[in-house]
Amino acid sequence: MQPPTLKDVYEARPRVYRHLRPTPLLRHPLLAVESGLDIRVKHENHNPTGAFKVRGGLNLIASLPGGERHGVITASTGNHGQSIALACRQEQVPCTIVTPRGNNPEKNAAMRALGAEVIEFGRDFDEAREKVEEMQHEGRLRYVHSANEPLLIAGVATYALELFEDWPEVDVVLVPIGGGSGACGCCIVRSGLGSRAQVIGVQAERADAFARSWKGNGRVVGDSADTFAEGMATRVTFDLTFGLLKQELDDIVTLTEEELAEGVRLALRTTHNLAEGAGAAPLAAAMKLRHRMTGKKVACVMSGGNIDRTTLMRVLT
């Protein structure tokens, strides 16, 4: 697999924009005052499924050849699954999604409402993914990986085109990392446009396999991914995204569960937006790194807003 290029991202735009509009990049005065930064938020939580992933699904499914349209299967904790489910509904392609047992019930309900068959299996995302890799052969289904898909990354990267076109002077972009498609998209566009902006990834301390792999000399597998920020809850790294980010990512920061929770509260308090753990992580990271980013123009990618009520109540109390 070869990572997509800036040309691929431009080609993805028409397919993505058939179904959604560019999302806003907003300056929130309360957030600026509290952080002390020149800071803006890229509101991917305003997308049709409430997350940035929808862009990748729309590009990939619309590009499937006829021989792969008899059915697709994927693993997801929710945002990627909703992306594929919505795109499959638009393209009239049957869709099966495997989620971990005990997954966010509201995300599961949303995937079913979009017409997908949802199967719950395994203790976490990685066990659900392994189940999908077995099932694809049994049903001869098109397996859509959540990261190792150039067309998916190219679609996701359209958010970064919008960001850099809206704010070409940006110095730092903070983006959450689970599988890595969002950070990859940002790096591809940044480098393709010749921007000098730094791209900094954000991970949960309790699901930090990517961070440890990126900082070390070899790729590691985590024992668990015990974080409420399910958008970042993976124990492994993926070939396509890790290979690109190992070269292109400028830095990575990890956050405790309390820092992630404070990010959700910060988003509500200063932007009046509901952000899930992964979506709020860049705001929390900006607060953590604010002393080293003084005087810089900082963009935070609010990747999604699909937090379930039980988790939100726990975070708020």
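Guide: In this predicted model, six strands form an open sheet in the order β1-β2-β10-β7-β8-β9, with mixed pairing. Helices (H or I, at least four residues) and strands (E, at least two) are DSSP runs, numbered from the N terminus, and two strands pair if DSSP finds at least two bridges between them. The edges of this sheet are β1 (25–26) and β9 (251–255), each of which pairs on one side only. Within the sheet, β7 (residues 172–176) and β8 (residues 198–204) are parallel partners over 5 bridges, and P176 stands opposite V202 in β8. Helix α9 (residues 181–193) packs on the sheet and touches β7 and β8, where contact means heavy atoms within 4.5 Å. The direction of α9 makes about 175° with that of β8; axes are lines fitted to C-alpha atoms, for helices over the stretch in contact, and angles run from 0 to 180 degrees between N-to-C directions. Helix α12 (residues 257–271) lies across β8, β9 and β10 (297–302), at about 95° to β9.

A further open sheet has 4 strands in the order β5-β4-β3-β6, with parallel pairing. Its edges are β5 (117–120) and β6 (142–143), each with a single partner strand, so one side of each has no neighbour in the sheet. Strand β4 (residues 95–99) pairs with β5 over 4 bridges in the parallel sense, and V118 in β5 is the bridge partner of I97. Helix α6 (residues 125–139) packs on this sheet, touching β3 (72–75), β4, β5 and β6, and its direction makes about 160° with that of β3.

Residues are numbered from 1 along each chain as its sequence is written. As the model is predicted, local features need pLDDT of at least 70, side-chain atom pairs count only at pLDDT 80 or more, and totals for chains, interfaces and linings use all residues, while side-chain values use heavy atoms, with hydrogens and water left out.
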